[in-house]
Amino acid sequence: MLEKTDKIWMDGKLVNWDDAKIHVLTHSLHYGLGIFEGIRCYNSKKGPAVFRLEEHVKRFFNSAHIFNMKLPFSEEEIAGAICKTVKANKMKECYIRPLAFYGYGVMGVSSKGCPVNVSIAVWPWGAYLGDDGLANGIRMKTSSFLKGHVNSNMSMAKVSAYYVNSQLAKQEALSCGYDEALLLDTEGYVSEATGANIFMARDGVIKTTPLTSILEGITRNTVIELAGEKGFDIREERFTRDEIYIADEAFLTGTAAEITPIRELDGRTIGTGKPGNITKELQDLFFNVVKGKSKNRKHERWLAYL
(Lines give C-alpha, C1' and ligand atoms only; values in the text may rest on other atoms or scores of the structure.)
Protein backbone atom coordinates (compact mmCIF):
# COMPACT_ATOMS: atom_id res chain seq x y z
CA MET A 1 0.00 0.00 0.00
CA LEU A 2 1.05 3.58 -0.66
CA GLU A 3 2.68 5.16 2.38
CA LYS A 4 1.44 8.69 2.97
CA THR A 5 3.93 11.53 3.45
CA ASP A 6 3.30 15.11 4.59
CA LYS A 7 3.36 17.43 1.58
CA ILE A 8 2.66 17.38 -2.15
CA TRP A 9 3.74 20.19 -4.48
CA MET A 10 0.85 21.42 -6.63
CA ASP A 11 1.16 24.24 -9.13
CA GLY A 12 3.85 26.06 -7.21
CA LYS A 13 2.69 25.45 -3.65
CA LEU A 14 3.23 22.75 -1.04
CA VAL A 15 -0.09 21.44 0.23
CA ASN A 16 -0.97 18.78 2.78
CA TRP A 17 -1.13 15.24 1.38
CA ASP A 18 -4.87 14.95 2.06
CA ASP A 19 -5.57 18.31 0.41
CA ALA A 20 -3.96 17.40 -2.94
CA LYS A 21 -7.24 17.03 -4.83
CA ILE A 22 -8.63 17.62 -8.33
CA HIS A 23 -12.12 17.97 -9.80
CA VAL A 24 -13.91 14.86 -11.08
CA LEU A 25 -14.20 16.57 -14.49
CA THR A 26 -10.45 16.98 -14.85
CA HIS A 27 -9.76 16.49 -18.57
CA SER A 28 -6.86 14.03 -18.25
CA LEU A 29 -8.89 11.86 -15.88
CA HIS A 30 -11.31 11.24 -18.77
CA TYR A 31 -9.00 11.16 -21.79
CA GLY A 32 -5.69 9.95 -20.38
CA LEU A 33 -3.29 12.61 -21.62
CA GLY A 34 -0.94 13.20 -18.72
CA ILE A 35 2.84 13.00 -18.71
CA PHE A 36 4.90 11.87 -15.75
CA GLU A 37 8.28 10.78 -14.46
CA GLY A 38 9.53 8.23 -11.96
CA ILE A 39 12.65 9.35 -10.08
CA ARG A 40 14.47 8.00 -7.04
CA CYS A 41 16.28 9.75 -4.24
CA TYR A 42 18.90 7.62 -2.47
CA ASN A 43 20.58 8.11 0.88
CA SER A 44 24.22 8.48 -0.16
CA LYS A 45 27.40 8.96 1.83
CA LYS A 46 26.81 12.71 1.57
CA GLY A 47 23.13 12.55 2.43
CA PRO A 48 20.03 12.34 0.22
CA ALA A 49 20.78 12.57 -3.51
CA VAL A 50 18.33 12.56 -6.42
CA PHE A 51 19.59 10.24 -9.15
CA ARG A 52 19.90 11.78 -12.61
CA LEU A 53 17.57 14.65 -11.78
CA GLU A 54 18.54 16.72 -14.83
CA GLU A 55 17.88 13.86 -17.25
CA HIS A 56 14.50 13.05 -15.71
CA VAL A 57 13.36 16.65 -15.83
CA LYS A 58 14.53 16.91 -19.44
CA ARG A 59 12.54 13.79 -20.38
CA PHE A 60 9.51 15.22 -18.55
CA PHE A 61 9.66 18.32 -20.73
CA ASN A 62 10.36 16.27 -23.86
CA SER A 63 7.21 14.23 -23.20
CA ALA A 64 5.20 17.43 -22.89
CA HIS A 65 6.75 18.83 -26.08
CA ILE A 66 5.92 15.71 -28.09
CA PHE A 67 2.24 16.16 -27.16
CA ASN A 68 2.20 19.95 -27.52
CA MET A 69 1.53 20.37 -23.81
CA LYS A 70 2.78 23.76 -22.65
CA LEU A 71 4.08 23.43 -19.11
CA PRO A 72 3.62 26.55 -16.96
CA PHE A 73 7.03 26.13 -15.30
CA SER A 74 10.64 26.00 -16.49
CA GLU A 75 12.94 23.00 -16.20
CA GLU A 76 14.85 24.80 -13.46
CA GLU A 77 11.63 25.47 -11.53
CA ILE A 78 10.53 21.83 -11.72
CA ALA A 79 13.98 20.56 -10.67
CA GLY A 80 13.92 22.98 -7.73
CA ALA A 81 10.38 21.93 -6.80
CA ILE A 82 11.41 18.26 -6.79
CA CYS A 83 14.23 18.98 -4.34
CA LYS A 84 11.96 21.21 -2.26
CA THR A 85 9.32 18.49 -2.00
CA VAL A 86 11.82 15.84 -0.90
CA LYS A 87 13.20 18.22 1.74
CA ALA A 88 9.75 19.25 2.95
CA ASN A 89 8.90 15.61 3.62
CA LYS A 90 12.25 15.02 5.36
CA MET A 91 12.94 12.03 3.14
CA LYS A 92 16.34 10.37 2.99
CA GLU A 93 15.23 7.86 0.36
CA CYS A 94 12.06 8.01 -1.70
CA TYR A 95 10.35 7.63 -5.02
CA ILE A 96 9.41 10.90 -6.76
CA ARG A 97 6.44 11.30 -9.11
CA PRO A 98 6.13 14.54 -11.13
CA LEU A 99 2.88 14.65 -13.11
CA ALA A 100 1.53 17.18 -15.62
CA PHE A 101 -2.07 16.91 -16.77
CA TYR A 102 -4.90 18.82 -18.38
CA GLY A 103 -7.15 20.11 -15.65
CA TYR A 104 -10.70 21.35 -15.20
CA GLY A 105 -12.17 23.72 -17.76
CA VAL A 106 -13.54 22.05 -20.87
CA MET A 107 -14.85 18.62 -21.78
CA GLY A 108 -14.52 16.81 -25.09
CA VAL A 109 -11.58 15.06 -26.72
CA SER A 110 -9.73 18.28 -27.55
CA SER A 111 -7.74 19.71 -24.66
CA LYS A 112 -7.79 23.21 -26.16
CA GLY A 113 -8.61 25.72 -23.45
CA CYS A 114 -7.73 23.40 -20.56
CA PRO A 115 -5.22 24.58 -17.98
CA VAL A 116 -2.10 22.46 -17.48
CA ASN A 117 -1.58 21.46 -13.85
CA VAL A 118 1.65 20.07 -12.38
CA SER A 119 2.12 18.10 -9.18
CA ILE A 120 5.06 16.42 -7.46
CA ALA A 121 4.58 13.70 -4.84
CA VAL A 122 7.18 11.66 -2.94
CA TRP A 123 6.83 8.52 -0.86
CA PRO A 124 8.89 5.58 0.43
CA TRP A 125 9.06 2.75 -2.09
CA GLY A 126 11.34 -0.25 -1.76
CA ALA A 127 12.16 -2.84 -4.39
CA TYR A 128 9.42 -2.58 -7.04
CA LEU A 129 9.38 -6.33 -7.76
CA GLY A 130 10.19 -7.29 -4.18
CA ASP A 131 13.40 -7.79 -2.25
CA ASP A 132 13.50 -11.46 -3.25
CA GLY A 133 13.08 -10.54 -6.91
CA LEU A 134 15.92 -8.03 -6.69
CA ALA A 135 18.19 -10.60 -5.06
CA ASN A 136 17.16 -13.86 -6.73
CA GLY A 137 15.33 -12.94 -9.90
CA ILE A 138 11.75 -12.91 -11.14
CA ARG A 139 9.53 -15.11 -13.32
CA MET A 140 8.14 -13.52 -16.50
CA LYS A 141 5.50 -14.41 -19.05
CA THR A 142 5.31 -13.20 -22.65
CA SER A 143 2.09 -11.25 -22.88
CA SER A 144 -0.68 -11.79 -25.43
CA PHE A 145 -0.87 -7.97 -25.56
CA LEU A 146 1.57 -6.20 -27.86
CA LYS A 147 3.47 -2.96 -27.42
CA GLY A 148 1.81 -0.30 -29.57
CA HIS A 149 3.09 0.42 -33.06
CA VAL A 150 5.48 3.38 -33.27
CA ASN A 151 2.95 5.28 -35.37
CA SER A 152 0.08 4.68 -32.95
CA ASN A 153 2.00 5.51 -29.79
CA MET A 154 4.90 7.94 -29.65
CA SER A 155 7.10 5.85 -27.40
CA MET A 156 9.65 8.58 -26.64
CA ALA A 157 7.05 10.19 -24.37
CA LYS A 158 6.13 8.87 -20.93
CA VAL A 159 2.35 9.21 -21.10
CA SER A 160 -0.22 8.03 -18.56
CA ALA A 161 -2.58 6.51 -21.16
CA TYR A 162 0.11 4.19 -22.50
CA TYR A 163 0.11 2.29 -19.23
CA VAL A 164 -3.37 0.87 -19.84
CA ASN A 165 -1.58 -1.58 -22.14
CA SER A 166 0.93 -2.29 -19.39
CA GLN A 167 -1.85 -2.89 -16.88
CA LEU A 168 -3.49 -5.46 -19.16
CA ALA A 169 -0.20 -7.28 -19.61
CA LYS A 170 0.59 -7.14 -15.90
CA GLN A 171 -2.84 -8.44 -14.90
CA GLU A 172 -2.49 -11.33 -17.33
CA ALA A 173 0.97 -12.26 -16.00
CA LEU A 174 -0.09 -12.10 -12.35
CA SER A 175 -3.23 -14.15 -13.00
CA CYS A 176 -1.00 -16.88 -14.47
CA GLY A 177 1.27 -16.90 -11.42
CA TYR A 178 4.15 -14.85 -12.85
CA ASP A 179 5.77 -11.71 -11.45
CA GLU A 180 5.96 -9.60 -14.60
CA ALA A 181 5.07 -9.53 -18.30
CA LEU A 182 7.23 -9.26 -21.39
CA LEU A 183 5.70 -7.35 -24.29
CA LEU A 184 6.63 -7.91 -27.92
CA ASP A 185 6.41 -5.25 -30.60
CA THR A 186 4.04 -5.47 -33.56
CA GLU A 187 6.68 -7.37 -35.58
CA GLY A 188 7.18 -9.98 -32.87
CA TYR A 189 10.49 -8.75 -31.44
CA VAL A 190 11.14 -8.16 -27.75
CA SER A 191 10.06 -4.69 -26.67
CA GLU A 192 10.05 -4.19 -22.88
CA ALA A 193 8.32 -5.13 -19.64
CA THR A 194 5.25 -3.33 -18.29
CA GLY A 195 7.37 -0.54 -16.83
CA ALA A 196 11.00 -1.45 -17.43
CA ASN A 197 13.53 -2.04 -20.19
CA ILE A 198 15.09 -5.45 -20.77
CA PHE A 199 18.64 -6.72 -21.28
CA MET A 200 19.94 -10.21 -22.06
CA ALA A 201 23.46 -11.64 -22.16
CA ARG A 202 24.63 -14.59 -24.25
CA ASP A 203 28.19 -15.76 -24.89
CA GLY A 204 29.56 -12.56 -23.37
CA VAL A 205 27.46 -10.21 -25.50
CA ILE A 206 24.87 -7.98 -23.80
CA LYS A 207 21.87 -6.94 -25.88
CA THR A 208 19.06 -4.49 -25.25
CA THR A 209 16.17 -3.42 -27.44
CA PRO A 210 16.96 -0.36 -29.60
CA LEU A 211 14.96 2.84 -29.30
CA THR A 212 12.11 1.84 -31.56
CA SER A 213 9.02 0.75 -29.66
CA ILE A 214 10.38 1.49 -26.20
CA LEU A 215 10.76 4.38 -23.79
CA GLU A 216 14.26 5.82 -23.59
CA GLY A 217 14.96 4.56 -20.09
CA ILE A 218 17.33 6.56 -17.92
CA THR A 219 18.37 3.50 -15.93
CA ARG A 220 18.80 1.74 -19.28
CA ASN A 221 21.14 4.51 -20.38
CA THR A 222 23.03 4.26 -17.08
CA VAL A 223 23.55 0.51 -17.49
CA ILE A 224 24.75 0.93 -21.09
CA GLU A 225 27.33 3.48 -19.92
CA LEU A 226 28.44 1.40 -16.92
CA ALA A 227 28.74 -1.75 -19.02
CA GLY A 228 30.81 0.15 -21.58
CA GLU A 229 33.14 1.44 -18.88
CA LYS A 230 33.73 -2.14 -17.72
CA GLY A 231 34.58 -3.27 -21.25
CA PHE A 232 31.49 -5.39 -21.88
CA ASP A 233 30.38 -5.93 -25.47
CA ILE A 234 26.98 -4.23 -25.32
CA ARG A 235 24.72 -3.83 -28.33
CA GLU A 236 21.39 -2.17 -29.05
CA GLU A 237 19.71 -4.56 -31.45
CA ARG A 238 16.50 -6.48 -31.90
CA PHE A 239 16.10 -10.00 -30.56
CA THR A 240 13.35 -12.55 -30.10
CA ARG A 241 11.84 -14.16 -27.04
CA ASP A 242 13.45 -17.52 -27.81
CA GLU A 243 16.87 -15.90 -27.73
CA ILE A 244 16.09 -14.97 -24.13
CA TYR A 245 15.17 -18.63 -23.49
CA ILE A 246 18.73 -19.66 -24.38
CA ALA A 247 20.46 -16.61 -22.89
CA ASP A 248 23.00 -17.01 -20.11
CA GLU A 249 21.23 -14.31 -18.10
CA ALA A 250 18.72 -11.48 -18.41
CA PHE A 251 17.55 -8.54 -16.34
CA LEU A 252 15.19 -5.57 -16.25
CA THR A 253 16.15 -1.94 -15.69
CA GLY A 254 14.06 1.03 -14.58
CA THR A 255 13.76 3.66 -11.90
CA ALA A 256 11.31 1.50 -9.96
CA ALA A 257 12.78 -1.88 -10.98
CA GLU A 258 16.41 -0.68 -10.61
CA ILE A 259 18.30 -3.77 -11.90
CA THR A 260 16.14 -6.85 -11.39
CA PRO A 261 17.36 -10.27 -12.59
CA ILE A 262 15.06 -12.52 -14.66
CA ARG A 263 15.32 -16.19 -13.75
CA GLU A 264 12.53 -17.59 -15.90
CA LEU A 265 10.53 -16.70 -19.02
CA ASP A 266 7.48 -18.66 -20.16
CA GLY A 267 8.39 -21.64 -18.01
CA ARG A 268 11.96 -21.79 -19.36
CA THR A 269 14.79 -21.34 -16.89
CA ILE A 270 17.25 -18.69 -18.02
CA GLY A 271 20.84 -19.79 -17.54
CA THR A 272 21.27 -21.40 -14.13
CA GLY A 273 18.03 -19.94 -12.85
CA LYS A 274 19.98 -17.54 -10.66
CA PRO A 275 21.30 -14.00 -11.24
CA GLY A 276 24.31 -14.25 -13.54
CA ASN A 277 27.76 -12.76 -13.03
CA ILE A 278 27.18 -9.88 -15.45
CA THR A 279 23.88 -9.00 -13.81
CA LYS A 280 25.39 -9.08 -10.33
CA GLU A 281 28.38 -6.98 -11.38
CA LEU A 282 26.14 -4.35 -12.97
CA GLN A 283 23.86 -4.40 -9.93
CA ASP A 284 26.83 -3.74 -7.65
CA LEU A 285 28.10 -0.95 -9.89
CA PHE A 286 24.66 0.65 -10.08
CA PHE A 287 24.01 0.65 -6.34
CA ASN A 288 27.49 1.97 -5.64
CA VAL A 289 26.79 4.84 -8.03
CA VAL A 290 23.39 5.80 -6.60
CA LYS A 291 24.73 5.57 -3.04
CA GLY A 292 27.66 7.81 -3.87
CA LYS A 293 30.19 5.02 -3.35
CA SER A 294 31.50 4.76 -6.90
CA LYS A 295 35.27 5.01 -7.28
CA ASN A 296 34.75 6.70 -10.66
CA ARG A 297 34.44 10.39 -9.83
CA LYS A 298 32.61 11.24 -13.04
CA HIS A 299 29.57 9.38 -11.71
CA GLU A 300 29.13 12.26 -9.25
CA ARG A 301 27.47 14.21 -12.08
CA TRP A 302 24.48 11.88 -11.80
CA LEU A 303 23.76 12.80 -8.18
CA ALA A 304 21.90 15.96 -7.14
CA TYR A 305 22.67 16.28 -3.44
CA LEU A 306 20.04 17.95 -1.29
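Phe61 is buried, since its relative accessible area is 15% and buried means under 20% (exposed means over 50%, and partly exposed lies in between, with a 1.4 Å probe and protein chains only). The model is predicted, so local features need pLDDT of at least 70 and side-chain atom pairs count only at pLDDT 80 or more, whereas totals for chains, interfaces and linings use all residues. Residues are numbered from 1 along each chain as its sequence is written, and side-chain values use heavy atoms, with hydrogens and water left out.

Phe61 belongs to helix H2. Helices (H or I, at least four residues) and strands (E, at least two) are DSSP runs numbered from the N terminus. Leaving out residues up to four places away in sequence, Phe61 touches Leu71, Phe73, Ser74, Glu75 and Ile78, where contact means heavy atoms within 4.5 Å. Phe73 stands 12 residues from Phe61 along the chain, and their C-alpha atoms are separated by 9.9 Å.

One of these partners, Ile78, is also among the buried residues of helix H3, together with Ala79, Ala81, Ile82, Cys83, Thr85 and Val86. H3 covers residues 75-88, and its 14 residues reach 20 Å from first C-alpha to last, close to the 20 Å expected. The expected span is 1.5 Å times one less than the number of residues. The buried residues of H3 pack against helix H2 (53-66) and against several strands, including E1 (7-10), E4 (39-44) and E7 (116-123).

Most residues other than glycine have a negative phi. Lys90, however, has a positive phi of about 55° although it is not a glycine. Lys90 is in the loop between H3 and E6, and at 74% relative accessibility it counts as exposed. Arg52 likewise has a positive phi, near 55°, and lies in the loop between strand E5 (47-51) and H2. Is Arg52 buried or exposed? Its relative accessibility is 6%, and therefore Arg52 counts as buried.

Ser166, Ala169, Lys170, Glu172 and Ala173 are buried in H5. Viewed down the axis, these buried residues fall within an arc of 160°, so they line one face of the helix; the arc is that of the directions from the helix axis to the C-beta atoms. An α-helix has 3.6 residues a turn, so residues three or four places apart point the same way. The buried residues of H5 pack against strand E8 (138-142) and strand E9 (180-184), while the face turned away from them carries the exposed residues Gln171 and Ser175. Just after H5, Gly177 takes a positive phi of about 90°.

The last stop is Asp266, in the loop between strand E15 (258-265) and strand E16 (268-269). Asp266 is buried yet has no salt bridge, and the nearest side chain of opposite charge, Arg241, is 4.5 Å away. A salt bridge requires a side-chain nitrogen of Lys or Arg within 4 Å of a carboxyl oxygen of Asp or Glu; Lys and Arg count as positive and Asp and Glu as negative, with His and the chain ends not counted. The side chain of Asp266 does make a polar contact with that of Tyr245, at 2.6 Å. A polar contact is a pair of N or O atoms within 3.5 Å; within protein, one must be able to donate a hydrogen and the other to accept it, and residues adjacent in sequence count only if both atoms are side-chain atoms.
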